[in-house]
Amino acid sequence: MAAPLPFSESELRLVQVLLKRKVRFMVVGLSAATLQGAPVVTQDVDLWFENLGEPKISRALQEVGATYVSPSINNPPMLAGKGAELFDIVIRMDGLGTFADEIKNCVDIPLGRQKLKVLSLERILASKIAANRAKDKLTIPVLRDALAATQSIKRRAKKK
Amino acid sequence: MKRRVQPIDAAKASRWARRLSARVGKILAAHPDADRDNIRHTLILLEQPPFERLQRSLIRGRATAIFRK
């Protein structure tokens, strides 16, 4: 039996349409960390887009009945509409390079026939250390330990 | 409705637990400052497919948010 997906049908469709239209984005934050095995909890999936002004994004969102809401004084940039509630938009990552730099530090996680770019655990840890907010301080030791465990598993797999 | 509980293969489960414990021990030997539970939970999660890990995390994260309200 296939593993259950954390996405509803409409959420999954949104991600698939973004991938199909070759929108350049990656999953970042704690959701990216959990995809790589870190034992942390999160309430949303953070997406980092290379260029939010790209017409491909609005076309992809339109296709699934969602839309991009520009930032205002009280609200960060966000996605609204069907299947978009789960996703948060990230416009900058503390302590990291540009999108083009960091996409090289992504791992590919298969999603159906496509591959989802997910920022590596090392870089997520680097961004949390740089951001150093109260909530980041809670997760830094967990991410550090998870990184030690995943690296040990990778080394073990290489030896075999 | 009563849920049927699948019988557990105790020998297999205890082999798995011993293997896990040995791997945790090895990692802790290389990273003495690491937390045993974090290492153990990571190793357990690495046995699951990525999207199942995310699903667990989202379910727990949302439950925590509900309890906080």
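Which residues in α5(A) meet which residues in α6(A)?

## Basis of the description

This is a predicted model, in which local features need pLDDT of at least 70 and side-chain atom pairs count only at pLDDT 80 or more, while totals for chains, interfaces and linings use all residues. Residues are numbered from 1 along each chain as its sequence is written, and chains are lettered from A and ligands numbered from 1 in the order in which they are written.

## Chain A as a whole

The secondary structure of chain A comprises six helices and seven strands, where helices (H or I, at least four residues) and strands (E, at least two) are DSSP runs numbered from the N terminus. Along the sequence these elements follow the pattern α-β-α-β-α-β-β-β-α-β-β-α-α. Chain A has a radius of gyration of 16 Å, close to the 15 Å that the globule rule gives for 160 residues, so it is as compact as a globular protein of that length; the radius is taken over C-alpha atoms, and the rule is 2.2 Å times the number of residues to the power 0.38.

The C-alpha trace of chain A spans about 45 × 40 × 25 Å along its principal axes. Of the 160 residues in chain A, 35% are buried (a residue is buried if 20 or more other C-beta atoms lie within 10 Å of its own, exposed if 12 or fewer, and partly exposed in between, with C-beta atoms placed from the backbone). Pro55(A), which lies in helix α3 (residues 55-63) of chain A, counts as exposed because it has 9 C-beta neighbours inside 10 Å. Pro55(A) and Val23(A) are 32 residues apart in sequence, and their C-alpha atoms are 9.4 Å apart in space.

## Helices α5 and α6 of chain A

The axes of helix α5 (residues 121-131) and helix α6 (residues 134-159) of chain A come within 9 Å and cross at roughly 155 degrees. That angle makes α5(A) roughly antiparallel to α6(A); angles under 35 degrees count as roughly parallel, over 145 as roughly antiparallel, 65 to 115 as roughly perpendicular and the rest as oblique.

On the α5(A) side, Leu121(A), Glu122(A), Ile124(A), Leu125(A), Lys128(A), Ile129(A) and Ala131(A) meet Asp136(A), Thr139(A), Ile140(A), Leu143(A), Arg144(A), Ala146(A), Leu147(A) and Thr150(A) of α6(A), contact meaning that C-beta atoms, placed from the backbone, lie within 7 Å. By class, this contact of α5(A) with α6(A) has nine nonpolar, two polar and four charged residues (Ala, Val, Leu, Ile, Met, Phe, Trp, Tyr, Cys and Pro count as nonpolar, Asp, Glu, Lys and Arg as charged, and the others, Gly among them, as polar).

## Chain B and its side towards chain A

Chain B has three helices and zero strands, and buried residues make up 22% of its 69 residues. The axes of α1(B) and α2(B) lie 10 Å apart at an angle of about 130 degrees, and the two helices are therefore oblique to each other.

Between the chains, 26 residues of chain B are in contact with 24 residues of chain A. On the side of chain B that touches chain A, α1 (10-30), α2 (36-45) and α3 (50-68) of chain B each supply at least two residues, and the largest share, 13 residues, comes from α3(B). That side of chain B has 13 nonpolar, eight polar and five charged residues.

Methods:
Axes fitted to C-alpha atoms, helices over the stretch in contact; angles between N-to-C directions. Contact = placed C-beta atoms within 7 Å.
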